[in-house]
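Trainee: I am new to this structure and would like to learn how to read it. Please take me through it one feature at a time.

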Amino acid sequence: MSESIDQRKAQAIRLWNWGFGRELSFGSYDAYLATIPQVSESLLGDDPDLPLLSLADPRLGLFKICKLIGIRSRRLGTIDEDVAPFNERHADPIEPFWFRHDDGRCNRGRRPDHCREELTGDILAGTALVGAMAYLHHPRIIVKDKHVIDLPGSVSEEARTCCIHLVVHGLLVEFNVIRHVDVAVASFGTLRFRRGVTAPDPKP
């Protein structure tokens, strides 16, 4: 239980400090924290395959989240309009949720569509929202000129054969949609994740 409480408060205050609560018109950190669910027991403890734990708050919408945390959208216009889930399974929740994930390195040099197709059950291919929130909590998951994260759970609304990827260009972190899912690139790898089961509403 203490691990759940510590993670919840630590990650919620990180989002608060980035301005999520202010943009959502919460007057205090405690008021914001009261809307953050407990960490599901299914996500606690060690998981060698998905070693990282992150909190996502999708309520601002992807475009505003990217502006808030400094991810540039390249050729995406207003992201919320131009990015779509690959299928219903990859549709992001609309309320805050926890997820456990990797950094995509186990899939380096593999086609994003192959990675997406082989994932079954509760393991999913990363979405743009999941990628943004994973980067916010664990910024070292992408490395300039060394590692790019594919997120084939999200595709271009206009070209579903292209997926989103998260990359460092110079001093900028960017989302880019010009990434064909049927092409393998040595320094690119698909992030995998699973969401937790929704827990009862917590006390602040």
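Mentor: Let's start with a single side chain: Glu118 has a relative accessibility of 45%, so it counts as partly exposed. Keep in mind as we go that this is a predicted model.

Trainee: Which residue does Glu118 form a salt bridge with?

Mentor: To read a salt bridge, look for a side-chain nitrogen of Lys or Arg within 4 Å of a carboxyl oxygen of Asp or Glu. Here the partner of Glu118 is Arg110, and their closest N and O atoms are 2.9 Å apart. Arg110 is partly exposed too, with a relative accessible area of 26%.

Trainee: How many salt bridges are there by this rule?

Mentor: The count is nine. One of them joins Asp102 and Arg192, with 2.8 Å from N to O. Asp102 is in the loop between S4 and H6 while Arg192 is in strand S10, so this bridge ties together parts that are 90 residues apart in sequence. Both ends are buried: Asp102 has a relative accessible area of 4%, and Arg192 one of 17%.

Trainee: And what do the side chains of Arg111 and Asp113 do?

Mentor: They also meet in a salt bridge, at 2.7 Å from N to O. This time the two ends fall in separate classes: Arg111 is partly exposed at 28%, whereas Asp113 is buried at 7%.

Trainee: Over which ring does the charged end of Arg195 sit?

Mentor: Over the ring of Phe97, at 6.0 Å from its centre.

Trainee: Now for rings with rings. How many aromatic pairs does a search of the whole structure find?

Mentor: Five. To read one, take the distance between the ring centres and the angle between the planes; an angle over 60 degrees is called edge-to-face. Trp16 and Tyr29 have centres 6.3 Å apart and planes at 70°, so their pair is edge-to-face. Trp16 is in helix H1 (residues 2–18) and Tyr29 in helix H3 (residues 29–33), so the pair ties together parts 13 residues apart in sequence. Trp16 is partly exposed, at 24%.

Phe99 and Phe193 make another edge-to-face pair, with 5.9 Å between centres and 80° between planes. This pair links distant parts of the chain, as Phe99 is in strand S4 (residues 97–101) and Phe193 in strand S10 (residues 192–195), 94 residues apart. Phe99 is buried at 0%, and Phe193 is likewise buried at 0%.

Trainee: Which residues do ring pairs link into a cluster?

Mentor: Trp16, Phe26, Tyr29 and Tyr32.

Trainee: How should I read the sides of a helix?

Mentor: An α-helix has 3.6 residues a turn, so residues three or four places apart point the same way. Just after H4, Gly70 has a positive phi of about 85°.

Trainee: Which residue other than glycine has a positive phi near 70°?

Mentor: Ser25 does. Ser25 sits in the loop between helix H2 (20–23) and H3, and it is exposed at 67%. Asp145 also has a positive phi, about 65°, without being a glycine. Its place is the loop between helix H7 (128–137) and strand S6 (148–156), and Asp145 is exposed at 70%.

Notes
Residues are numbered from 1 along each chain as its sequence is written. Side-chain values use heavy atoms; hydrogens and water are left out. Rings of Phe, Tyr and Trp (its six-membered ring) pair if their centres lie within 6.5 Å; planes under 30 degrees apart count as stacked, over 60 as edge-to-face and the rest as tilted. Helices (H or I, at least four residues) and strands (E, at least two) are DSSP runs, numbered from the N terminus. Buried means under 20% relative accessible area, exposed over 50%, partly exposed in between (1.4 Å probe, protein chains only). A charge sits over a ring if NZ of Lys or CZ of Arg is within 6 Å of the ring centre and within 35 degrees of the ring normal.
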